[in-house]
Amino acid sequence: MIYKEFKDGIQLSRLGMGTMRLPILDKDNTKIDYEKATKLIDDCMKKGINYYDTAYIYHGGKSEEFLGKALAKYPRESYYITDKYNFQAEPDYRKQFKEQLLRLNVDTIDFYLLHSIQDAFADEMVGNGCIEYFDQMKKEGKIKYLGFSFHGSPKVMKKLLPLYSWDFVQIQLNYYDWYFEDAKELYEMLAEASIPVMVMEPVHGGLLANLTEDAVKELQKLNGKKSIASWAMRWVMDLDCVQVVLSGMSDQNQVDDNVKTFSEAIPLTEEEKGKIEKAAEIQHAAITIPCTACNYCTPNCPKGLDIPKLLKCYNEAKVGGAWRVRYLKNLPQAKGPSGCIGCKVCTKHCPQGFDIPNYMNELSEMLKNL
């Protein structure tokens, strides 16, 4: 396992264990398989992983308790616990933090974050007094380092950075989002501010471990013996400001493959970077709608839908999950995807002939299932 100095002499493993996808029983996400999950934690500790990430809501609130028990047999100085304040689950930050200490059965949480800040509630969350409270907990030694995890826009990130002297920030960062979403801009903002970056979703929730056949071929040209996921991990690890790369490992094969990848720091060659970018382009073309927002469709929609915007939301939902565009549920029904009446006037005016009503119906169904 390779390590990187954080600050204050702390050496963190480059690979961190995320506990959002632990083994479960009976397909019930709230029932952690303690035997299998404990074996995974034990193996992670044995192989040198010392950074463990949990949250108030993971596994229906059971992840923290499990992690506290699984790590209790090890010396407290041999691992670092990361936990998060979830504003949407329990706005009362005092109550939530006290409960988290009890669940984990610890006196101090090493790395603490404001969890999953999004544009829709960012102002309300950071304005409710939680930053001041957690700063006080830091002064009292109950929190060592304070940061936030982020699922918002660069515009909101720019507003958050001056609010506090953040010790670290966690973002979704992978080569797909670098080329097709806001990951590059977010990373560069943090790099400019000299804030260490913790990475979540380095393989985009499994997307970059299960590429299309043509995308896989591009990476296999480099080295057919390396796993597809390992290229995503190495790409993220190659970025200078990245501190820890989190992986929600749920089985032994994932642990073994990731530990192998993080056993040595080998910079990517220019050829490897080029093949990875090509694989991202192939994957993007295969799973998303290449709408150019020409707006030929919008003047002719009898319902006045902002079709290019909704198609962009469709792409976000297909790649990252419908939760990313749940704000659409706040729109008047007549202006959301369910407002489409299937008349196909838009399709007639689309230069690329997209079956837009079909996409609107699919997006509507994804939102219903949230």
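Two strands pair if DSSP finds at least two bridges between them. Helices (H or I, at least four residues) and strands (E, at least two) are DSSP runs, numbered from the N terminus. The views below come from a predicted model, in which local features need pLDDT of at least 70, side-chain atom pairs count only at pLDDT 80 or more, and totals for chains, interfaces and linings use all residues. Residues are numbered from 1 along each chain as its sequence is written, and side-chain values use heavy atoms, with hydrogens and water left out.

**View 1. Strand S7 (residues 80-85) and its covered side chains.**
Here 6 of the 6 residues of S7 are buried (under 20% relative accessible area, 1.4 Å probe, protein chains only). Look for Tyr 80, Thr 82 and Lys 84 on one side, with Ile 81, Asp 83 and Tyr 85 pointing the other way. In a regular strand the side chains alternate between the two faces of the sheet.

**View 2. The parallel neighbours of S7.**
Strand S6 (residues 51-53) joins S7 over 3 parallel bridges, and Asp 53 has Thr 82 as its bridge partner. Between S6 and S7 the chain passes through helix H2 (residues 63-71) in a right-handed β-α-β crossover (with the strands pointing away from the viewer, the path from the first strand over the helix to the second runs clockwise). S7 also pairs in parallel with strand S8 (residues 109-117) over 4 bridges, where Thr 82 stands opposite Phe 111.

**View 3. The buried residues of helix H8 (residues 183-192).**
Ala 183, Leu 186, Tyr 187, Met 189 and Leu 190 are the buried ones. Down the axis of H8 they fall within an arc of 160°, so they line one face of the helix (the arc is that of the directions from the helix axis to the C-beta atoms). Just after H8, Ser 194 takes a positive phi of about 60°.

Key
Buried means under 20% relative accessible area, exposed over 50%, partly exposed in between (1.4 Å probe, protein chains only).
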